[in-house]
Amino acid sequence: MSDQSQGLPASPRRIRISLPGSGAAAIADLLDDDCPDTCSALWDLLPLRLKATHDIWSGHLIRCHLDGDPYLDPENVLTYIPVPGDVFYYYRPARYYRGTPYGRLESAEIGIVYDHDTRPQGPRGPEAVNLFAEISSGLAELREACEGMIYTGQRELVIERMDYL
């Protein structure tokens, strides 16, 4: 019998975010009620193995490009001021950059905010990002590994589905 058939709220879908080799892993709850289309589209892409880099403009966040640069319409959880533990999707349209940095004309990205004083922005200034998940455990370990990326460079990032209990 499911939680919903018993009158209980449905358990949130969860993802595991890890940086292999660092010992850091975090669990995040998807914000299905607030942005169902974004959550479903990204859930369908899982598992993901991506190259994460520390953002150079925005403060305490890491980001990674999604293969194929899938465009998702913005939903209800757009913010310029994310907080530690926020996981977001952002799309940079073609010709947003001058030239093709990172070898890309356009870019769909996932970002993970690991500490305070973070403002997503690019070469054209602040950017509103679409929050789709919130880290519920493991943020301290993830923070330490992300801070280290400032000095060590890019790392592999794995995002995978968590099984329901």
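User: Where is Asp117 placed in this predicted model, and why is Asp117 called exposed?

Analyst: In this predicted model, Asp117 lies in the loop that runs between strand E7 (107-113) and strand E8 (121-122). Its relative accessibility is 63%, and exposed means over 50%, so Asp117 counts as exposed.

User: What makes the phi of Asp117 worth noting?

Analyst: Asp117 is not a glycine, and yet it has a positive phi of about 60 degrees. Most residues other than glycine have a negative phi.

User: Which other loop holds an aspartate of this kind, Asp69, and why is Asp69 called buried?

Analyst: Asp69 sits in the loop between strand E4 (61-65) and strand E5 (78-79), and although Asp69 is not a glycine, its phi is positive at about 50 degrees. The relative accessibility of Asp69 is 16%, and the cut-off for buried is under 20%, so Asp69 counts as buried.

User: How do you know whether the peptide bond from Leu46 to Pro47 is cis or trans?

Analyst: The omega of the bond from Leu46 to Pro47 is near 0 degrees, and the bond is cis. Most peptide bonds are trans. Pro47 itself is found in the loop between helix H1 (36-45) and strand E3 (48-54).

User: Why are Cys64 and Cys146 called buried, and how many disulfides are counted?

Analyst: Cys64 has 1% relative accessibility and Cys146 has 0%; since buried means under 20%, Cys64 counts as buried, and Cys146 counts as buried too. A disulfide requires a pair of cysteine sulfur atoms within 2.5 Å, and by this rule the count comes to 0 disulfides.

Definitions and conventions: Residues numbered from 1 in each chain as written. Predicted model: local features only at pLDDT ≥ 70, side-chain atom pairs only at ≥ 80, totals over all residues. Heavy atoms only, no water. Helix = DSSP H or I, 4+ residues; strand = E, 2+ residues; numbered from the N terminus. Buried < 20%, exposed > 50% of the residue type's maximum accessible area, 1.4 Å probe, protein only.
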